[in-house]
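Let's take a friendly look at how the chains of this model meet. Please have the sequence and the structure open as you read.

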Amino acid sequence: MSDAIAFLEPRANVMARRSIIIEDLADMLPPECLVHEARELVPFETDAFVAYRRLPLAVVLPKTTAQVSAVLKYCNRYGIPVVPRGAGTSLCGGAIPQEDAVVIGLSRLSRILEIDTFNRTAKVQAGVTNLAISDAVSPEGFFYAPDPSSQLACTIGGNIGMNSGGAHCLKYGVTTNNLLGVTMVLVDGTIVELGGKHLDAGGYDLLGLICGSEGQLGIVTEATVRLIAKPEGARPVLFGFETSEEAGACVTDVIGSGIIPVAIEFMDKPAIEICEAFAKAGYPLDVGALLIVEVEGSEAEMDAMLALIVEIARRHGVKTVRECQSATEAALIWKGRKSAFGATGRIADYICMDGTVPLSQLSHVLKRTGEIVEGFGLRVANVFHAGDGNMHPLILFNANDPDEAARAEAAGNEILKLCVDAGGCLTGEHGVGIEKRDLMRHQFSKADLDQQMAVRSAFDAQWLMNPSKVFPLDGRPETRAFSA
Amino acid sequence: MQTNFTEAQLTDPHVAASEKILRRCVHCGFCTATCPTYVTLGNELDSPRGRIYLIKDMLENDRPADREVVTHIDRCLSCLACTTTCPSGVDYMHLIDHARAHIENTYQRPLMDRLIRGVLVAVLPHPQRFRLALSLARLARPLAPVLSRVTALKPLAAMLELAPQSLAPVAKAVTVPVEKPVRGRVAILAGCAQPVLDPGINAATERLLSRLGVEIVVPKGEGCCGALVHHMGREAAALDFARANVDAWTREIEAGGLDAILITASGCGTTIKDYGHMLRLDPAYAEKAARVSALAKDVTEYLALLDLPRLAPQNLTVAYHSACSMQHGQKITLQPKLLLKAAGFAVKDPAEGHLCCGSAGTYNILQPEISAELKARKVKNIEATRADLIATGNIGCITQIATVANMPILHTVELLDWAYGGPKPAKLSGVAKA
Amino acid sequence: MSAITINTTSEVNTVPMSAILVPVCEEEAAGMIRAAAAAGRRLQISGGNTRSGFGNRVEADAVLRSAAISGIVAYDPAEMVMTARAGTPVAEIEEILLENNQMLAFEPIDHRTVMGTEGEPTIGGVFATNASGPRRLLSGAARDSLLGIRFVNGQGEVIRAGGRVMKNVTGLDLVKLLAGSFGTLGFLTEVTFRVAPRPQTEQTLIVSGLLDEDAARAMALAMGLSVEVSGAAHLPDNVKGRFLNGRLPEGAATVLRLEGLSASVPVRAEKLTAALGRFGPISRIEADASAHLWHQIRDVLPYAGDSQKPLWRVSVAPGAGAALVLAFRQHAGVDAFYDWQGGLVWMRMEAEPDADLLRALIPRFGGGHATLMRASDALRASTPAFEPQPAPLAALSERVRQTLDPAGIFNPGKMGA
């Protein structure tokens with residue numbers, strides 16, 4: 001386990017009352033909704049950012065908004081920190097608990113409440129998975145657009161927490177652009193409704209603010225999302241290039257030409273090999289870099305758009321162009337891409353970066369990333385959303401070697417700073433969590449961060465929600481001690 | 001994922017193997033989404049990722065199993081949907097096998113649980129005992145509602161409810177002569193529970209293969225594949241069953257040669273294909289077991305190689321239910337459907353096809369509540385296809401789904417036998433028009 | 001640099017002319033705001049002053065305008081991102097975008113037509129009011145295109161939020177919070193926003209003669225098809241004549257816009273025509289006329305002018321718009337037309353009915369909000385311009401406001417409370 005990132009010291013008064021708190025929670029909830037045995041807490045000690053782990057005080061798995069409200073009200077009253085958890089797929093430690101915190105898991109809030117094709121909306125409970133929404137509305141000819149790679153497992157509540165993106169947001173936007181309303185429980189247990197089936201809720205855009213707030217402002221229990229009519233057809237095309245630079249330049253030119261494909265995904269050689277090993281999607285193995293460009297629409301439309309893209313790719317010396325021939329093949333191409341992180345587990349442990357850079361900086365940042373990782377004596381695989389400059393270098397290492405683990409983290413930090421210095425940001429879609437928390441000062445001034453923290457305080461004066469996340473521990477309005 | 005085992009711990013080959021498996025898991029959580037128990041219960045402890053974590057914690061700390069860990073491991077169906085989903089290639093099957101053996105060796109179950117498991121182990125793998133038990137069960141069936149009110153006795157109630165209303169007569173010998181020229185020579189696993197519950201499946205297989213020019217042998221000494229006891233963590237008993245079968249087939253291989261060992265219950269197939277792994281540490285058997293595993297094939301896998309003629313479309317729609325052992329355990333997804341289509345049936349895939357029907361060996365007896373929820377969900381999805389009948393490749397699923405579905409459910413091979421000249425299956429009387 | 005004091009007649013009359021502050025840079029603005037905060041001087045915030053009538057009457061001691069903090073800072077067409085100072089005229093931005101065959105995807109409404117104001121709309125004003133047009137339902141609102149901002153908070157501190165990349169979830173999204181906050185949370189000095197390629201071509205299908213409810217059904221059907229409708233409005237018979245100089249076909253006009261590649265728009269138009277044929281006669285208008293029509297819809301042309309009749313902007317679920325108007329007509333005369341597939345209803349009241357009536361009806365049609373855009377002074381004085389919020393939300397919004405402007409000097413009262 002790594003220890004470079006500190007957690008707040010557990011609140012002594014909370015730790016001292018542990019058994020009373022558990023008894024009280026047991027009074028509030030049905031027995032199957034409370035986990036508190038030491039053994040059973042272990043699986044909740046981390047999410048998909050496994051390098052850091054802390055056992056929670058207890059885990060509650062409420063079945064209703066009212067239960068979420070009751071637990072929050074109680075925790076707020078007694079100053080008990082709370083960590084919201086969806087499916088625990090965060091890559092930045094957004095759902096990692098700590099010893100004095102109660103985890104509020106939303107996995108039991110998993111019902112789709114309403115599908116309204118007239119207004120093109122779906123109302124779902126927060127624990128419904130991202131893909132389940134699209135699956136449910138697919139027979140009616142609709143889909144829910146944001147598609148994080150973990151869409152099979154991740155929940156809409158978690159998506160809202162992290163303002164999740166995905167491959168197809170180049171055209172359709174990220175969560176915040178597709179979210180119409182929420183039912184949210186504030187830290188004091190108050191239940192509020194923001195937005196609904198209509199557009200642009202009145203008043204301040206609190207919906208926009210809570211989207212991507214990483215569980216610090218309240219707990220969303222229901223969400224109304226926008227549905228989009230499925231395109232007539234969609235066709236991913238593989239473009240293989242000799243070098244990453246050529247592929248990067250091609251991306252910039254495609255976007256610059258005024259064509260916006262639905263997705264432009266990039267993979268370098270190591271990533272191609274990893275994904276092909278799992279998905280057997282037919283990615284070309286003899287190229288240095290691969291772009292998956294997806295266009296959609298009618299056959300005529302796709303042909304027209306592809307012709308333009310192929311022409312641009314040829315100018316950049318494209319080596320292989322392969323149009324996918326069937327829906328099965330298309331599914332495999334996306335399966336390979338979306339499983340890239342997990343599939344990396346076949347060859348090594350990894351940490352995944354999420355910096356976003358302006359398109360013009362893509363080639364430069366790619367090159368420097370390789371140099372940085374090499375400088376730390378490690379390997380890197382790159383697979384990311386090139387169309388919007390959202391990079392995901394996967395730094396490969398051996399988690400059982402503490403020295404390698406430390407070097408991987410250090411390399412990751414260097415890469416993220418590089419992204420910020422190139423005019424980008426620390427995280428495009430995974431969130432800050434604990435992973436990038438201590439790098440926040442690299443992107444924001446003291447005044448910027450103080451302002452954000454002040455807004456956070458307006459929601460949660462005691463800073464109970466998702467402790468130790470997002471904001472550097474020193475300089476917070478709350479004055480708790482922290483330790484490495 | 002990082003692991004914490006000492007050198008000493010890793011000298012145990014089972015621990016070493018599990019450590020390797022754990023190292024592959026990157027804790028991405030994809031597996032939770034396709035896990036039937038997580039989908040049903042909504043608790044990560046009842047998901048593959050949660051169980052992997054529980055097992056890791058138990059093994060790393062050399063701890064005997066305890067009530068909490070056993071509760072969550074027991075709830076696992078071993079459907080292996082997680083292994084289909086897992087991008088990292090975590091070999092969950094062998095990890096949970098190890099955990100189950102560890103539980104059996106280090107944990108004393110409550111008395112009633114032990115008794116029920118004892119009965120299952122003593123009866124199910126032995127066709128004669130099983131036949132007798134089912135006759136008794138029919139008499140005791142009225143007790144089921146009473147039993148189901150007592151938590152500890154729920155498995156007994158479940159057992160009684162699963163027992164078929166009537167039993168088919170003992171299977172008759174093959175009557176169809178083998179067509180010439182002979183295209184192959186195969187052994188068919190007679191098995192244990194299937195010939196008692198539905199002897200028509202192997203009979204159909206034998207008829208079909210004979211007509212196709214395949215010579216069939218049923219070697220002496222062959223019996224239960226061991227899956228039932230294996231999934232209860234009874235490793236030694238499972239290995240004994242495996243050795244007995246390996247011996248029987250090896251004799252046949254060495255005598256007349258075998259092109260394949262055919263299995264008509266995919267639950268058994270998954271285990272027989274794993275004999276090579278199960279017996280890898282037994283020097284006397286490792287090699288022979290590997291040879292048996294390599295020859296083991298699901299009947300549809302073998303039929304797919306025979307290039308059956310394409311028949312005119314029939315006016316019948318089949319909902320194909322892929323057994324977990326078929327799609328996840330053996331990764332056989334296309335062949336059965338292609339065979340059915342070639343035979344003229346229209347084939348539909350029910351929604352949520354990756355989810356288990358809740359049968360899972362003895363799971364529907366030992367975990368009747370979760371099993372019932374999964375069964376209801378499965379049947380709802382199947383019925384939504386508005387098909388005329390259901391086809392599947394595993395006797396466990398047939399028994400489970402037949403208790404509630406209001407359409408007939410048959411083994412794929414029964415439909416193929418019919419389409420390619422065999423008698424119309426009795427279950428289809430009144431339903432089908434060919 | 002020192003503040004320029006200019007003479008203008010269109011500012012709020014409670015402020016003496018000498019108290020109109022027009023800083024030329026962010027630093028100067030920050031200084032002015034610090035001084036105002038220290039002195040407890042309340043500021044009315046404006047850009048080009050074309051949207052000042054929006055919201056509740058502001059009681060201020062001075063006006064702070066961003067108009068002189070102007071100019072495009074960065075624009076790389078290949079990246080589809082532009083950074084401009086808040087006071088940059090929208091016209092200047094649209095011109096340079098046009099040169100590069102790009103546009104603002106959210107089609108900001110120009111409020112001058114409907115509010116009867118003069119002056120130059122600024123890009124800061126666009127984002128401060130989250131001004132969006134018909135493409136809202138496909139491409140999002142102004143806030144969806146806004147990537148990054150610089151602003152001065154109520155304590156005179158310069159704050160940066162967001163950035164210039166499309167995807168960014170680093171820290172709290174103050175960008176969204178400031179967008180549409182009508183100058184009550186901060187004084188915008190610079191905005192970075194996403195731009196979009198101009199479609200190669202566009203055309204508009206017109207289904208004629210539909211009743212409001214049938215039009216709602218037709219638009220819902222169109223939006224559910226894979227033809228990517230980028231504008232869906234219904235212009236009832238009584239307003240229709242005011243569009244395109246009365247050249248639209250006879251009867252109410254339900255208009256659906258298609259944009260994109262020249263290779264695809266006609267194909268999609270065919271598909272849409274086939275699907276909508278059962279609703280009524282269908283005609284088409286091509287490129288320039290189509291663009292002109294949507295400009296007029298965007299700017300609420302039928303209700304332009306200085307009419308004292310109350311004008312409401314109502315946002316409800318698309319399926320509820322027509323039903324809401326029908327229900328409202330039971331109580332009072334109203335002239336209405338619909339944008340956003342029926343979800344945006346522009347309602348001009350014939351008299352001055354009780355605002356509570358409209359606001360009481362909205363929840364019965366699935367919820368939404370009503371904004372009073374224009375009315376007599378008396379009605380405006382007695383009616384909150386923005387939809388009042390439930391107490392917990394109002395309290396939360398107020399706590400948020402206080403973190404940005406503790407002294408309450410920015411546009412006091414503009415958004416209520």
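The notes below go through the chain contacts one pair at a time.

## Ground rules

This is a predicted model, in which local features need pLDDT of at least 70, side-chain atom pairs count only at pLDDT 80 or more, and totals for chains, interfaces and linings use all residues. Residues are numbered from 1 along each chain as its sequence is written, while chains are lettered from A and ligands numbered from 1 in the order in which they are written.

## Who touches whom

Two pairs of chains are in contact (C-beta atoms, placed from the backbone, within 7 Å). Chains A and C share the most contacts. Chains B and C have no contact, and their closest C-alpha atoms are 20 Å apart.

## Chains A and C

Here 75 residues of chain A meet 66 residues of chain C. H18(A) gives the most, with nine residues.

By residue class, this side of chain A has 29 nonpolar (Ala, Val, Leu, Ile, Met, Phe, Trp, Tyr, Cys and Pro), eleven charged (Asp, Glu, Lys and Arg) and 35 polar residues (the others, Gly among them).

## Chains A and B

This contact draws 32 residues from chain A and 28 residues from chain B. On the chain B side, helices H3 (30-34), H5 (48-60) and H6 (67-74) each supply at least two residues. H5(B) gives the most, with five residues. The side of chain B that touches chain A divides into twelve nonpolar, ten polar and six charged residues.

Note on methods. Helix = DSSP H or I, 4+ residues; strand = E, 2+ residues; numbered from the N terminus.
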